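Please read the points below with the model open.

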Amino acid sequence: MIIAVDGPAASGKGTIARALAAHYGLPHLDTGLLYRAVGITVARAGDNPDDPADALAGCVFADSLLDDPALRSEEAGPLASRVSRHPQVRAALLERQRAFARQPGGAVLDGRDIGTVIVPDADAKLFVTASLAERARRRHAELPGTTIESIAADIAARDARDAGRAAAPLKQADDADLLDTSDLSIGAAVQRAIALVNARLESR
Ligand code: CDP
């Protein structure tokens, strides 16, 4: 069984994807980490994330980088968003994501284009969203060093760039279920996600 979880920045999709993976006993891939690793690699090389060739060069990184806490920093999100605009970068990361999805038994992947591009035939697709104010509040709780206003501005700019790009833009797949977590606790959001996935599985 393959479950695709997409949605805008800080919507709760990672938490929901991890909980679904635990519930169904499936491996989970946070695909945002791949783009964050590319962004950080480009920045550390002193290269330009807006240049397609520089960004492509950043796609070669050691797997150990995926465990580096720097990937979760406030700087890494916008860097990831800038490199992820380039079709060359998306192509370079595509096979790795598809291979993970297609492993025996299936998987849960979260990102921006899992249900639209990476695994369009996923068994269940969720599009997780929440209000900008709520998303900024949650991210601020994770990264307390910055102001809510600057986090909200970063999230809004990133969503606009992710949704407006030509290559695999952030958008809800036609056959994805929408899950708005603005007014839901984590537990309630996870319960709702499980119910939506079960309904999809029963209707197959
Ligand atoms: O955790 P958060 O929602 O803030 O971001 P993330 O999922 O780690 O993704 C960071 C950035 O990587 C996003 O803003 C996108 O630009 C990009 N990304 C993407 O283009 N496609 C994906 N499948 C996942 C992330």
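1. In strand 1, the side chains of Ile2, Ala4 and Asp6 point one way and those of Ile3 and Val5 the other way, yet all are buried. Buried here means under 20% relative accessible area, exposed means over 50%, and partly exposed lies in between (1.4 Å probe, protein chains only). In a regular strand the side chains alternate between the two faces of the sheet. Strands (E, at least two residues) and helices (H or I, at least four) are DSSP runs, numbered from the N terminus.

2. The model is predicted: local features need pLDDT of at least 70 and side-chain atom pairs count only at pLDDT 80 or more, while totals for chains, interfaces and linings use all residues. Residues are numbered from 1 along each chain as its sequence is written, and side-chain values use heavy atoms, with hydrogens and water left out.

3. Which strands pair with strand 1? Strand 3 (residues 107–111) runs parallel to strand 1 over 5 bridges, and strand 4 is also parallel to strand 1, joined by 4 bridges. Pairing requires that DSSP finds at least two bridges between the two strands. Ile2 is opposite Ala107 of strand 3, whereas Ile3 has Ala124 of strand 4 as its bridge partner.

4. Helix 4 (residues 76–83) is largely enclosed by the rest of the structure, because 6 of its 8 residues are buried. Those buried are Ala76, Gly77, Leu79, Ala80, Ser81 and Val83. They pack against helix 2 (32–44), helix 3 (52–57), helix 5 (87–101) and helix 8 (148–164), where contact means heavy atoms within 4.5 Å.

5. How many salt bridges does the model contain? The count is 17, taking a salt bridge as a side-chain nitrogen of Lys or Arg within 4 Å of a carboxyl oxygen of Asp or Glu. Three of these pairs are taken up next.

6. Arg85 and Asp50 form a salt bridge with an N to O distance of 3.9 Å. The pair links distant parts of the chain, 35 residues apart: Arg85 is in the loop between helix 4 and helix 5, and Asp50 in the loop between helix 2 and helix 3. Arg85 is partly exposed at 34% relative accessible area, and Asp50 is partly exposed at 34%.

7. Lys125 and Asp175 are joined by a salt bridge whose closest N and O atoms are 3.0 Å apart. Lys125 belongs to strand 4 (residues 124–129) and Asp175 to the loop between helix 8 and strand 5 (177–180), so the pair ties together parts 50 residues apart in sequence.

8. Arg158 is buried at 6% relative accessibility, and Asp154 is buried at 18%. Elsewhere, salt bridges with shared partners join Asp50, Arg82 and Arg85 into one network.

9. Glu202 lies in helix 9 (residues 186–202) and is exposed, with 66% relative accessible area. The C-alpha atoms of Glu202 and Ser182 are separated by 27 Å, the two residues being 20 apart along the chain.
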